[in-house]
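Please keep the sequence and the model open while reading.

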Amino acid sequence: MSTPLRVVVVGAGIVGSAIARALAREGCAVTVVDRGPSAGGTSAGGEGNLLVSDKEPGPELRLAQRSLSSWLRIEDELRDELPAAFPDLELERKGGLVVATTDAGAAALREFAAAQRAAGVTAEAVDDDRVRELEPDLTPDRAAVVHYPDDMQVQPVAATEALLAAARRHGAQVRQGVEVTGPVLDGPRLVGVTTTTGQTLTADAVVLAAGPWSGAVAERLGAHLPVAPRRGTVLVTSRMPQRVWHKVYDADYVGAVGSGAADLQVSSVVESTAAGTVLIGSSRERRGFDERIEARVLSALAAKALLLFPFLADVQVMRAYGGFRPFVPDHLPVIGPDHRLPGLWHATGHEGAGIGLSLATAEILRDDLLHGKRDELAAEFRLDRPTLLPHLEGTAR
């Protein structure tokens, strides 16, 4: 009987949890470590978006399309893997609406949607009558609206915990409050990690899935990784009868997602949750791990939201929360082996799309790590891709 492949997954967010489950199902001896609780970082700070509407044609869109197919299967799979009483994922096939409020924005939106349709995305331009059916309370001051019926939403913490619980059912071990402090090397190869508990975890492969903290952990292991935190803030209203039926955002959101600027960018993103609240985003700002929630950001978010849904002026805000997205300079995640340090693998840099892209990321890493399978899509996310190589300063120890 062959010895199971030993894998240490660093990070118990949704990407690390999806990878742990995928590898454990294949018989690997998986240990997940996280410096905090599971789903305690980026996964807890997002809205749970599973989107194709915000992605231009290219590798990230293809990854999202593959991942959405996996999300459509995951409820049935987890139903077989978890106890019947396990909390629901709150997976909603709600669809999305992108709204342009200016003529210039409308022209750009129509062009963007046409390119997406050519890439296989369902993007339906809708007239005023159809808009009133889909979102009766949407502002009448609109120049164009595109409906994306394939957009979905999930409760991110529930989804993370479900994937991690499934990994445990397949034999994975999860150790919370354990931080990686350094590498264990056998010549040029990484064969494990040291931890704050004083324990050494040996491994045939170490998968770094620590979101915006991946850059810091990679440095400890001896490999520079250009992943930086990008701050975001979300407003949450009090519970109310549902008046927002889709994920609705203004056409500026796509530009904010794709921008590499460090200064504050705000676009309007509004959606309801199964709990009866409304989530209002979205901000992006690169300012390190500064956790302050600032009035200037909250007021900008509220003002933008009112442009889409004027009725929100009379709705009470219950709280606000923030989080850090893992930003990579070329706006693509890193999935696969580190060519400078054998034994180190990466699954990070998804920025705000990690929830949606997690399942396909796990499939790509599993297929590469266990079977050496690297298709054309997987090659787009390798660390040594041309668009990222200029940012890889230094080499592994």
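Contact, or touching, means heavy atoms within 4.5 Å. This is a predicted model, in which local features need pLDDT of at least 70 and side-chain atom pairs count only at pLDDT 80 or more, while totals for chains, interfaces and linings use all residues. Residues are numbered from 1 along each chain as its sequence is written, and side-chain values use heavy atoms, with hydrogens and water left out. Helices (H or I, at least four residues) and strands (E, at least two) are DSSP runs, numbered from the N terminus.

**Arg21**

- Arg21 sits in helix H1, which covers residues 14-25.
- Leaving aside residues up to four places away in sequence, Arg21 touches Ile74, Glu77, Leu78, Glu81, Leu163, Ala166 and Ala167.
- Arg21 counts as buried because its relative accessibility is 6%.

**Salt bridges**

- Side chains of opposite charge can pair when their charged atoms come close.
- A salt bridge here is a side-chain nitrogen of Lys or Arg within 4 Å of a carboxyl oxygen of Asp or Glu.
- The count by this rule is 33 salt bridges.
- One of them joins the side chains of Arg6 and Asp204, at 3.4 Å from N to O. Arg6 belongs to strand S1 (residues 6-10) and Asp204 to the loop between strand S11 (200-202) and strand S12 (205-208), so this pair ties together parts that are 198 residues apart in sequence.
- Arg6 is partly exposed, at 36% relative accessible area, and Asp204 is partly exposed too, at 29%.
- Glu285 and Arg287 form another salt bridge, with the closest N and O atoms 3.2 Å apart. Both of these residues, Glu285 and Arg287, are buried.
- In the salt bridge between Asp368 and Arg374, the closest N and O atoms are 2.6 Å apart. Asp368 is buried, with a relative accessible area of 4%, whereas Arg374 is partly exposed at 47%.
- Salt bridges with shared partners link Arg21, Arg25, Arg66, Arg73, Glu77, Glu81, Glu363, Arg366, Asp367 and Asp375 in one network.

- Strands of a sheet pair through backbone hydrogen bonds, either parallel or antiparallel.
- Two strands count as paired if DSSP finds at least two bridges between them.
- An open sheet of 8 strands has the order S5-S6-S4-S14-S15-S16-S13-S17, with mixed pairing. Strand S5 (124-125) and strand S17 (317-327) are at the edges with a single partner strand each, so one side of each has no neighbour in the sheet.
- S5 and strand S6 (residues 144-148) run antiparallel and are joined by 2 bridges; Ala125 is opposite Val146 in S6.
- Angles run from 0 to 180 degrees between N-to-C directions, and axes are lines fitted to C-alpha atoms, for helices over the stretch in contact.
- Helix H3 (residues 103-118) lies across strand S4 (96-100) and S6, at about 25 degrees to S6.
- Helix H8 (residues 295-308) also packs on the sheet. H8 touches S4, strand S13 (228-237), S14, S15, S16 and S17, and its direction makes about 60 degrees with that of S15.

**Strand S15**

- In strand S15 (residues 265-272), 8 of its 8 residues are buried.
- In a regular strand the side chains alternate between the two faces of the sheet.
- Both faces of S15 are covered, with Gln265, Ser267, Val269 and Glu271 buried on one side and Val266, Ser268, Val270 and Ser272 buried on the other.
- Strand S14 (residues 247-250) pairs antiparallel with S15 over 2 bridges, and Val269 in S15 is the bridge partner of Tyr249.
- S15 and strand S16 (residues 278-284) also run antiparallel, joined by 6 bridges; the partner of Val266 in S16 is Ser283.
- The hairpin of S15 and S16 has 5 residues between the strands, and Gly276 there takes a positive phi near 95 degrees.

**The sheet of six strands**

- A further open sheet, also of mixed pairing, has 6 strands in the order S8-S2-S1-S12-S19-S18. Its edge strands, strand S8 (173-176) and strand S18 (334-337), each pair on one side only.
- The twist from one strand to the next averages 20 degrees.
- S1 and S12 run parallel and are joined by 4 bridges, with Val9 opposite Val207 in S12.
- H1 packs on this sheet, touching S1, strand S2 (29-34), S12 and strand S19 (344-348). The direction of H1 makes about 165 degrees with that of S2.

How values were computed:
Buried means under 20% relative accessible area, exposed over 50%, partly exposed in between (1.4 Å probe, protein chains only).
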